[in-house]
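Q: I have a structure open and I'm new to it. Can you walk me through it?

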Amino acid sequence: MSAEQNHTLEKDLGPVPPAQHHPAAPNAGLNGNAPLTAEEQQSRFGYGPLSHVNTKEAVLRPFGGEFQPGLYKSVEQRKFANPAPLGLSAFALTTFVLSCINMGARDITAPNIVIALAFGYGGLVQLLAGMWEMAVGNTFGATALSSYGGFWLSFAIVLTPGGFSIEENLIATGGHAMFYNSFGLFLMGWFIFTTILLFCTLRSTVAFFLLFFFLDLAFLMLGVGYIQRDAAGAPNPPVIKAGGFFGLLAAFAAWYNALAGIADSSNSFFVIPVAHFPWSPTGRARREKTERETV
């Protein structure tokens, strides 16, 4: 490696220690004997914040692709893969299908097809992703993904025909109004929970914040639509459609953050932009840097 290349590597990744002739050496290259070149470092850690910051630093900036709304420790030596894109994708697809039905797509009026997704993908897979977030030490990711996995499982349990008979028993007890009111309270509870998580994303990235902002509005609209019904006593169609619209936005925001966590230099020609807020740690650092450079 030339002196110029070595200087560039030290600038980006910190000083490079001498070559370790041991396959377990943390700085060993792909052949186990030579230190990692700049290209190898890029291919291994070329996604999200790791493609922009010194991996020797103690913390990394917020990143939706890791489901991290605040500063967090470097994942360079982590033994687990990043579970966030899996959980985000499971949430996005299930939300997408349900939101299309809520908006009346293709004249579908019953959400039965979502039950399979809610049990298998949005429920079970997302719950597993949340548990893996716990294993990698991400409290926010574990709480959010596991909770929304539980949401989809409970949603499927409520609507499973002939299964737990929750809907049928409520209707038998107090008519359709009792079921609609109960389901509306169920959704309003998830609106409150999502609002709590939304507060934790105010210092993260625009893409991460918008995911919870759109989801929060979707729960609010759907909850109101079931509690404040139309003249015929059915869920308020315009409000339900508004909830479906915000649900679609939340689904695409989740897919966007998932792509940001998946795309790296080994599979993509570009890193997905996530737009940090001006008041976030990264935004303040960039602003201070600009001010120093203009002095």
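Predicted model: local features only at pLDDT ≥ 70, side-chain atom pairs only at ≥ 80, totals over all residues.

Q: How many helices and strands is that?

A: There are 9 helices and 2 strands.

Q: And how much of the protein is buried?

A: Buried residues account for 44% of the 295 residues.

Q: What share of the contacts join residues at least 24 apart?

A: Taking contacts between residues at least 6 apart in sequence, 61% join residues at least 24 apart.

Q: Is α5 mostly covered or mostly open?

A: Mostly covered, with 15 of the 21 residues of α5 buried.

Q: What happens at the start of α5?

A: Asn138 has a side-chain oxygen that comes within 3.4 Å of the backbone nitrogen of Phe140.

Q: How does α5 sit against α6?

A: Helix α6 is residues 166-199, and the axes of α5 and α6 come within 12 Å and cross at roughly 170°. Angles over 145 degrees count as roughly antiparallel, so α5 and α6 are roughly antiparallel to each other.

Q: Which residues make that contact?

A: On the α5 side they include Phe140, Tyr148, Phe151, Phe155 and Leu159. On the α6 side they include Ile166, Phe179, Phe186, Trp190 and Leu197.

Q: What kinds of residues are they overall?

A: The residues of the contact between α5 and α6 divide into 16 nonpolar, 4 polar and 1 charged.

Q: What about the loop between α5 and α6?

A: Two residues there can be described, Thr160 and Ser165. Thr160 has 17% relative accessibility, so Thr160 counts as buried. A polar atom of the Thr160 side chain lies 2.4 Å from the backbone oxygen of Ala156.

Q: What else does Thr160 touch?

A: Leaving aside neighbours within four places in sequence, Thr160 is in contact with Ile115 and Phe119.

Q: And Ser165?

A: Ser165 is partly exposed, with a relative accessible area of 23%. The phi of Ser165 is near 60°, a positive value in a residue other than glycine.

Q: Where else is there a positive phi?

A: Arg106 has one of about 55°, and Arg106 is not a glycine. Arg106 lies in the loop between α3, residues 84-102, and α4.

Q: Is Arg106 buried or exposed?

A: Exposed, with a relative accessible area of 79% for Arg106.

Q: Switching to α4. What's Gln126 doing there?

A: Gln126 lies in helix α4, which is residues 112-135. Buried means under 20% relative accessible area, and Gln126 is at 1%, so Gln126 counts as buried. The side chain of Gln126 reaches the backbone oxygen of Gly122 at 2.8 Å.

Q: Which residues does Gln126 touch?

A: Not counting residues up to four places away in sequence, Gln126 touches Gly87, Ala90, Phe91, Tyr121, Leu145, Ser146, Tyr148, Gly149 and Trp152.

Q: What are the contacts of Tyr121?

A: With residues up to four places away left out, Tyr121 touches Ser89, Ala90, Leu93, Thr94, Ala116 and Gln126. Tyr121 and Leu86 are 35 residues apart in sequence, and their C-alpha atoms are 9.7 Å apart.

Q: One more in α4: what about Leu124?

A: Leu124 is in helix α4 and is partly exposed, with a relative accessible area of 45%. Apart from residues up to four places away in sequence, Leu124 touches Ala118, Phe119 and Leu153.

Q: How far is Leu124 from Gly150?

A: The C-alpha atoms of Leu124 and Gly150 are separated by 8.2 Å, and the two residues are 26 apart along the chain.

How values were computed
Residues numbered from 1 in each chain as written. Heavy atoms only, no water. Buried < 20%, exposed > 50% of the residue type's maximum accessible area, 1.4 Å probe, protein only. Helix = DSSP H or I, 4+ residues; strand = E, 2+ residues; numbered from the N terminus. Polar contact = N/O pair within 3.5 Å; in protein donor to acceptor, adjacent residues only side chain to side chain. Axes fitted to C-alpha atoms, helices over the stretch in contact; angles between N-to-C directions. Parallel < 35°, antiparallel > 145°, perpendicular 65-115°, else oblique. Contact = heavy atoms within 4.5 Å. Nonpolar A, V, L, I, M, F, W, Y, C, P; charged D, E, K, R; others polar.
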